[in-house]
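Hi,

Here is the structure I promised to pass on.

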Amino acid sequence: MAMITRREAGIGLITAASLTAAGAWPAAAAAAAQAIELPQPVTGGGKTLAEALSARRSTREFASEALSLTVLSGLLWSAYGINRPQSGDRTAPSWRHSIEQKIYLALPDGVWLYDPVEHRLLPHLAADLRALTGTQDFVGTAPLNLVYVADGARMGDVSAEEKRLYAFTDTGFIGQNVYLFCAAAGLATVFRGSLEREKLGKALQLPGEQFVTFAQTVGYPRT
Ligand SMILES: Cc1cc2nc3c(=O)[nH]c(=O)nc-3n(C[C@H](O)[C@H](O)[C@H](O)COP(=O)(O)O)c2cc1C
């Protein structure tokens, strides 16, 4: 079972209270198709916004080191978590308040769906689909590829073209949240539009009107 690494302990976002077994990846969860509860995200301290903006960049070389649940918790909350519990509103805006975005995680042990309401990961597919999430070599070996998906059914009675326009825009805000979290946490990331969307959507067995918009690779920088 993976333990919290010195890198994570040094990034300034991890408190002593979060350095528990809750931060380790439960290797058996995918096989057992169990949801994984994420630890509470750390929402205080860390780098300033200006420091994170200064460090933001795209990186395409990743170490194979896995990301712990503690890191995933902060990453996913920053990406699209609930920042106003009374209304359930999110860290990223959405066109007409559609809240149509979904984040699938392509990890070595399978594909998971982020559930922002319960702040947990739901098992989706027990298959390593990382290599299908893009056309670049690093996607198959990087520890995590986020696949951004929009649920067109939540976007009302507008044309398919409009749905795609606004869904792709909404994903961009999430992508920047991920960039800034990674910059603050010493992680490497790149937002990606070079991917075979239909093929990936089929492989992901997306239900209903869900369609892939972009992907984003996350990991530790290769040193
Ligand atoms: C909509 C969009 C799509 C992108 N698609 C890819 C991609 O498929 N592969 C990739 O390596 N980088 C991709 N990028 C990252 C850009 O290449 C990168 O942001 C740009 O080179 C500027 O570098 P910087 O992010 O370090 O400032 C994409 C960025 C955006 C905004």
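Below is what turned up, going from the core to the helices, the ligand and a few loop residues.

Before anything else, keep in mind that this is a predicted model.

Let's start inside. The largest nonpolar core has 51 residues. Among those with the most contacts inside it are Ile103, Tyr104, Leu105, Leu146 and Val147, along with Val178 and Cys182. Two or more residues each come from α4, β4 (101-107), β5 (110-115), β7 (144-151), α5 and β9 (210-219). The top contributor is α5, which gives nine residues.

Leaving aside neighbours within four places in sequence, Leu105 is in contact with Val111, Trp112, Tyr114, Leu121, Leu144 and Leu146.

Next, the helix pair. Helix α4 covers residues 69-80 and helix α5 covers residues 160-185; their axes come within 7 Å and cross at roughly 145 degrees. The crossing is right-handed. On the α4 side you'll find Val71, Gly74, Leu75, Ser78, Ala79 and Tyr80, and they meet Ile174, Asn177, Val178, Phe181 and Ala185 of α5. By class, this contact has eight nonpolar and three polar residues, with no charged ones. Val178 turns up in this contact and also in the list of core residues above.

What surrounds the ligand? Arg57, Ser58, Arg60 and Gln136 do, together with the run Val190, Phe191, Arg192, Gly193 and Ser194. Sorted by class, that shell has two nonpolar, four polar and three charged residues.

Finally, some loop residues. His97 sits in the loop between β3 (89-90) and β4, and Ile99 is found in the loop between β3 and β4 too. Both are worth a look for their backbone: phi of His97 is near 60 degrees, a positive value in a residue other than glycine, and Ile99 has a positive phi of about 45 degrees. For context, most residues other than glycine have a negative phi.

Are these two buried or exposed? Ile99 has 18 other C-beta atoms within 10 Å, so it is partly exposed.

Gly45 belongs to another loop, the one between β1 (36-37) and α3 (49-55). With 10 other C-beta atoms within 10 Å, Gly45 is exposed. Gly45 and Thr91 are 46 residues apart in sequence and 17 Å apart in space, C-alpha to C-alpha.

Cheers

Terms used
Residues are numbered from 1 along each chain as its sequence is written. This is a predicted model: local features need pLDDT of at least 70, side-chain atom pairs count only at pLDDT 80 or more; totals for chains, interfaces and linings use all residues. Axes are lines fitted to C-alpha atoms, for helices over the stretch in contact, and angles run from 0 to 180 degrees between N-to-C directions. Helices (H or I, at least four residues) and strands (E, at least two) are DSSP runs, numbered from the N terminus. A crossing is left-handed if the near helix is turned anticlockwise from the far one by less than a right angle, and right-handed if clockwise. Two residues are in contact if their C-beta atoms, placed from the backbone, lie within 7 Å. Ala, Val, Leu, Ile, Met, Phe, Trp, Tyr, Cys and Pro count as nonpolar, Asp, Glu, Lys and Arg as charged, and the others, Gly among them, as polar. A residue is near a molecule or strand if its C-beta atom, placed from the backbone, lies within 6 Å of it. A nonpolar core is a set of buried Ala, Val, Leu, Ile, Met, Phe, Trp, Tyr and Cys residues joined through C-beta atoms within 7 Å. A residue is buried if 20 or more other C-beta atoms lie within 10 Å of its own, exposed if 12 or fewer, and partly exposed in between; C-beta atoms are placed from the backbone.
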